[in-house]
Amino acid sequence: MERARDQASVQVPAGEQVREPVPEQVREVSAPGRIAAPGEDIGPEELALAARNHGLPLEALRYDVTPPGLHYVLVHYDIPAADAARWSLSVGGLVRTPLSLDLAALRAFPAVTHRVTMECAGNGRARLTPRPVSQPWLVEAVGTADWTGVPLRLVLAAAGVQRDAVEAVFTGADHGIERGVEQDYRRSLPVAAATGDDPEVLIAYAMNGLPLPPQHGFPLRLVVPGWYGMAHVKWLREITLVDTPFTGFQQAVAYRYRRSADDPDDPGEPVTLIAPRALMVPPGFPDFMTRTRVVRPGPVPLEGRAWSGHGAVARVEVSADGGRSWARAEVTPPQPHRWAWQAWSCVWRAAPGRHTLTVRATDTEGRTQPLEQPWNRGGFGNNMVQQVPVLCC
């Protein structure tokens, strides 16, 4: 069957061949997005997504750098079969010197390592009411890794970006159908972001000092510090410089903040930088089913991590009464890893009874986590405060 990429009212970027829409039979197995009906539980399709894509166990917040097997994973389609010996990255479009780089050629560029916290844009979606039906994240879709690779700006400089280029389009090897659109996974960045060094975007080939695991994009992926995970294109195989803004599915349709999916006059705002969030390592020990925590009376150490794509975390506050009153926690400074989460800690004096622990972060730009949900049609960027039920006895 002929591939039809980024169709269904989506323009094709400059230089890409226009293809026929997918057959109607294919569209029938790819339903449009929807909102769960009142009282509708998570169904088998969402459960299947949750089984494929896993979050960070919250006790793993204790690690400065997340072990790869505990780092969150979101795979849109399938994990592609990848042969490192045959893999190449093409750089084309509006460049003076088109490139085709194998892994050895990429490793010949100067390598850098950045510690970066990565969070899925849909983190918190399953906590929304009404619930957008998709990957049902709670709060665990996050992780921090040491990513090693080549600065994207060096590769683009070697290719020579032409003056009329406005965006770089990144194509991954994962291929599938989404809302009736057959496509390779594609995202773009403005040329200024792609060629800049603050933050420095990476073409990464290693995670925590080892080759990328298959689920994290082996052999190459993009790492865009400060941006939600949809920008970090995995299984990267192609970079194309274009002279008009990219309007492919993942850019113009999927990752947008919208109140309605049916209003043609509401294109929505693009999902970009990570909103501030603090998470707590759940204290004590858990009940198996409810995950309610059990602690003993007296001083209870509390700790966790906080981050924001808009800047450093300036303040973390903890509440033991469901948000009626707040106490400041100690927060470690962001240096030397300015794009990684920051540790926070405090002591709570627990008294017998039931409590709800709440934590919130405020970044240096003044953005603070809300106490109520910031609802949108796609379930993106829900950084509503974490709440941890605790029984002290």
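**Inside the predicted model**

Modeller: This is a predicted model, and its protein chain has an average pLDDT of 92, with 93% of the residues scoring at least 70. Residues 1-20 are a stretch where the pLDDT is below 50, although the model gives this stretch 50 contacts beyond near neighbours in sequence. Where pLDDT is low, the predicted coordinates should not be read in detail.

Rolling a probe the size of a water molecule over the atoms shows where empty space is left. Searching the whole structure turns up two cavities of 30 Å³ or more.

The largest cavity has a volume of about 220 Å³. Its lining consists of 21 residues, and those nearest its centre are Leu-74, Arg-221, Gly-229, His-232 and Lys-234. By class, this lining of the largest cavity splits into 12 nonpolar, six polar and three charged residues.

The second largest cavity comes to about 90 Å³. Trp-307, Ser-308, Gly-309, Trp-339 and Ala-340 are the closest to its centre among the 13 residues that line the second largest cavity. Here the classes are six nonpolar, six polar and one charged.

Next, an open space. The second largest pocket holds about 470 Å³. Around the second largest pocket are 16 lining residues, with Leu-58, Val-139, Glu-140, Pro-282 and Arg-291 nearest its centre. Strand S22, residues 386-392, supplies four residues, the largest share of this pocket's lining. Sorted by class, the lining of the second largest pocket has seven nonpolar, four polar and five charged residues.

That leaves the packing itself. In soluble globular proteins, nonpolar side chains tend to be buried together. The largest nonpolar core in this model has 60 residues, and Leu-222 and Ile-239 are the ones that touch the most other members. Helix H4, residues 152-159, gives the most to this core, contributing four residues.

Note on methods:
Residues are numbered from 1 along each chain as its sequence is written. This is a predicted model: local features need pLDDT of at least 70, side-chain atom pairs count only at pLDDT 80 or more; totals for chains, interfaces and linings use all residues. Side-chain values use heavy atoms; hydrogens and water are left out. On a 1 Å grid over the protein atoms alone, a cavity is a set of points where a 1.4 Å probe fits but cannot get out, and a pocket is an open set with protein on both sides within 12 Å along at least five of seven lines; lining residues have an atom within 4 Å of a point. Grid points are joined across faces, edges and corners, and a volume is the space filled by probe spheres set on the points. Helices (H or I, at least four residues) and strands (E, at least two) are DSSP runs, numbered from the N terminus. Ala, Val, Leu, Ile, Met, Phe, Trp, Tyr, Cys and Pro count as nonpolar, Asp, Glu, Lys and Arg as charged, and the others, Gly among them, as polar. A nonpolar core is a set of buried Ala, Val, Leu, Ile, Met, Phe, Trp, Tyr and Cys residues joined through side-chain atoms within 4.5 Å. Buried means under 20% relative accessible area, exposed over 50%, partly exposed in between (1.4 Å probe, protein chains only). pLDDT is the predictor's confidence in each residue, from 0 to 100. Contact means heavy atoms within 4.5 Å.
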